[in-house]
Amino acid sequence: MERLDRFLSEAGVESRRKIKEVIRSGRVTVNGETVRLPDQKIDEATAEVTLDGERIGREEKTVVIMMHKPAGCVTAASDAMHRTVMEYLPERYRRLMPIGRLDKETEGLLLFTNDGDLAHRLISPKRGIEKSYYAEHPGTATQEDVAAFAEGCVLRDGTKCLPAVLEPLGEGKSLVRVREGKYHQVRRMLASRDKPVSYLRRISEGSLELGDLPVGMTRVLTKEEIAQLESVDFDE
Ligand code: URA
């Protein structure tokens, strides 16, 4: 939620002081209603704001939501058979698009945005953003497994992966860091080392960490976090 005067000043409409007068004089509407209070709180992701009848701002404002995706739902806008991640998004954010995807049985960090360009840049293989996963599997990862990941795993169907990091965390647990997103990649990489995954959770993406966000919950990224996401270089 954001103050109406701040929203308008960030959209570049007049100076902050003048904006207060503009609002008080009844020239601004929010969701079709005239609002005369500069400190009125609005939902910057969904509010339709007009000044003198003209739509202001919202399209330029990037919203990014982080979800701790639960297992058992698919990353899709709709699905005839399964629950979807959309059911865990607060109603007002259901028009946002997922940035990339997680498998049905994988939990963890999943981002959503209203900014198609940002989504495209973040999932581009050229950009190679690092993603980390906590995995559980039978046995303990060995130095040979670590070396195979560093070299680039060869999956059972012969697909060669880019070099990745495998960090054994003791009996039955590992951390995996990858910079690409092939279908079921982490599961297939560990399976290629005879370590079929029984549990998988994405814990970070670039500089963003899932932290202690509870399963099934969402939070709105701060402006600073969005700026960080946007600032990573992108070579076409
Ligand atoms: N690797 C997988 O196997 N599954 C995911 O959901 C993401 C990465």
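**Reading the pockets**

Reply: Start with the second largest pocket, with a volume of about 390 Å³. This is a predicted model, where local features need pLDDT of at least 70, side-chain atom pairs count only at pLDDT 80 or more, and totals for chains, interfaces and linings use all residues. Residues are numbered from 1 along each chain as its sequence is written, and side-chain values use heavy atoms, with hydrogens and water left out.

Me: What counts as a pocket, and what is a volume?

Reply: Rolling a probe the size of a water molecule over the atoms shows where empty space is left. On a 1 Å grid over the protein atoms alone, a pocket is an open set of points where a 1.4 Å probe fits, with protein on both sides within 12 Å along at least five of seven lines; lining residues have an atom within 4 Å of a point. Points are joined across faces, edges and corners, and the volume is the space filled by probe spheres set on them.

Me: Which residues are closest to the centre of the second largest pocket?

Reply: Glu-44, Lys-61, Thr-62, Lys-223 and Ile-226, out of 20 lining residues. Helix α6 (223–231) gives the largest share, 4 residues. Helices are DSSP runs of H or I, at least four residues, and strands are runs of E, at least two, numbered from the N terminus. Domain 1 (2–56) and domain 2 (64–126 + 207–231) each supply at least three lining residues. Those bounds come from an automatic or database domain assignment.

Me: How do the lining residues of the second largest pocket divide by class?

Reply: Into 9 nonpolar, 3 polar and 8 charged. Ala, Val, Leu, Ile, Met, Phe, Trp, Tyr, Cys and Pro count as nonpolar, Asp, Glu, Lys and Arg as charged, and the others, Gly among them, as polar.

Me: Where does the largest pocket lie?

Reply: Domain 2 and domain 3 (131–205) both give residues to its lining, so it lies between them. Its volume is about 600 Å³. Of its 29 lining residues, Arg-101, Tyr-133, Gly-181, Lys-182 and Arg-202 lie nearest the centre. β15 gives the largest share, 3 residues. The lining has 12 nonpolar, 8 polar and 9 charged residues.

Me: Is Leu-122 buried or exposed?

Reply: Leu-122 counts as buried because its relative accessibility is 3%. Buried means under 20% relative accessible area, exposed over 50%, partly exposed in between (1.4 Å probe, protein chains only). Leu-122 sits in helix α3 (116–123). Beyond neighbours within four places in sequence, Leu-122 contacts Ile-99, Arg-127, Ile-129 and Leu-229. Contact means heavy atoms within 4.5 Å.
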